[in-house]
Amino acid sequence: MASINEQPYSISIPDSELNLLKKKLELSRFPDELEGAGWDYGVPLPHVKRLAEYWKDGFDWRKSEAALNRLPMYTRDIDVEGFGTLNIHYVHQKSDVANAIPLLFVHGWPGSFIEVRKLLPLLTAGGSDHPSFHVVAPSLPGFGFSQAPSKPGFKGPQYAEVVNKLMLALGYKEYVYQGGDWGYVLAQHVVTHYGHEHVKAWHTNMPVPKQPTLFKNPFLFMGMFFLSYDASSMKRVAHTKQQHLKGTGYFNEQATKPQTIGYSLADSPIGLLSWIYEKLILWTDEYPWTDEEVIEWISIYWFSRAGPGASTRIYYELTGGMTHDTSHGTEWSSVPFGASYFPKEIIQLPKSWSHTIGNLVFEADHDKGGHFTAFEQPDALAGDLRKMFGKGGPAHGVVPGKNGY
């Protein structure tokens with residue numbers, strides 16, 4: 001079990017690190033760019049130059065650091081079988097509502113704990129017309145201000161062990177789960193290993209179903225023959241095919257040679273900036289990013305405890321170096337499951353297939369939003385969680401004694 005050693009945490013980046021970053025930005029060397037290339041070849045040069053200049057001379061890290069430190073942040077040692085002890089950073093915002101529902105929020109890549117910031121006031125607010133939540137948002141091992149594993153083989157079961165032990169250590173023996181990106185993938189592992197006993201229900205904003213099979217999903221399988229008449233399903237499949245064709249180069253690199261790309265991410269702030277900024281723009285639904293938001297987001301990676309290269313290893317570990325899919329080792333579970341669909345999510349498949357993921361009890365469709373839903377559309381995501389877990393919702397009262405009111 002997790003040891004009882006919670007410590008309040010404040011970010012405090014040394015001046016020497018800030019000075020080194022500024023020096024690296026001053027010495028940056030940019031590539032050339034083809035005339036009229038736009039976004040076809042990657043992030044346009046003027047975008048990167050503007051952001052680099054702002055990072056060097058306009059961005060106030062100390063201001064962002066002070067704002068981040070207003071979040072209730074802590075660290076705690078978590079023992080992981082076969083991997084020793086990892087010091088884990090997390091946000092823990094409790095509601096004033098005594099019967100609030102414990103909710104574990106898990107980020108992905110290139111996200112971090114910052115994605116929960118806009119959700120906290122919405123989810124922890126009390127009210128007679130909606131449930132309230134105690135929210136726990138860890139930095140995954142190797143991300144943000146959490147310690148990284150020091151040897152290979154830290155896979156889905158180990159990530160699941162970390163976040164489950166964290167919830168138990170905080171006194172939440174039973175809880176619900178929300179996640180997108182790797183947060184979705186890890187939910188499958190958490191539910192496989194700790195479903196029903198600890199995880200009472202879960203929700204994702206990035207459902208990635210498997211194609212139905214005749215033996216496991218006979219009715220869904222037969223339904224595939226009618227997809228040609230379903231314009232919505234065909235549009236979703238076409239979107240995913242295009243993403244697979246033109247938007248997965250980063251995935252293949254990080255899933256096969258994370259150490260190689262790690263040198264660029266760890267040593268070059270321009271390399272890190274362009275690698276992540278591309279996703280922030282292309283994976284969102286015309287979200288009006290400010291330069292301050294972009295650089296704050298990327299600075300968390302630059303100043304992360306293990307360095308920005310460490311976060312990419314999750315791709316290798318959870319795909320076995322591209323030898324299996326990310327759900328390897330997980331099982332379909334009858335734990336209540338909810339899915340929200342956003343139009344610019346990077347992976348979109350027929351909604352009916354979501355039944356292959358788990359015991360689908362809640363669905364919500366939205367006309368605005370992309371991959372970073374908690375950051376782009378916090379009201380919509382919070383609203384879905386309220387509907388799923390609130391009075392009259394399909395997962396109301398799943399945590400005994402903690403109905404949210």
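Reader: Which residues of the largest nonpolar core touch the most other members?

Author: This is a predicted model, in which local features need pLDDT of at least 70, side-chain atom pairs count only at pLDDT 80 or more, and totals for chains, interfaces and linings use all residues. Residues are numbered from 1 along each chain as its sequence is written, and side-chain values use heavy atoms, with hydrogens and water left out. A nonpolar core is a set of buried (under 20% relative accessible area, 1.4 Å probe, protein chains only) Ala, Val, Leu, Ile, Met, Phe, Trp, Tyr and Cys residues joined through side-chain atoms within 4.5 Å. Among the 109 residues of the largest such core, those touching the most other members are W55, F113, Y177, W202, L273, V294 and F389.

Reader: Which element gives the most to this core?

Author: Helices are DSSP runs of H or I with at least four residues and strands are runs of E with at least two, numbered from the N terminus. With eight residues, the element that gives the most to the core is α6.

Reader: In what order do the nine strands form the open sheet?

Author: Two strands pair if DSSP finds at least two bridges between them. The pairing in this open sheet is mixed, and its nine strands follow the order β1-β2-β3-β5-β4-β6-β7-β8-β9.

Reader: Why is one side of β1 and of β9 left without a neighbour in the sheet?

Author: β1 (7–8) and β9 (359–365) stand at the edges of the sheet. One side of each is left without a neighbour there because each has a single partner strand.

Reader: Is Y315 buried or exposed?

Author: Y315 belongs to helix α13 (residues 313–319). Because its relative accessibility is 1%, Y315 counts as buried.

Reader: What is the relative accessible area of H371?

Author: H371 lies in the loop between β9 and α14 (373–376). Beyond four places in sequence, its contacts (heavy atoms within 4.5 Å) include D181, N205 and W283. H371 is buried, with a relative accessible area of 5%.

Definitions and conventions:
Buried means under 20% relative accessible area, exposed over 50%, partly exposed in between (1.4 Å probe, protein chains only).
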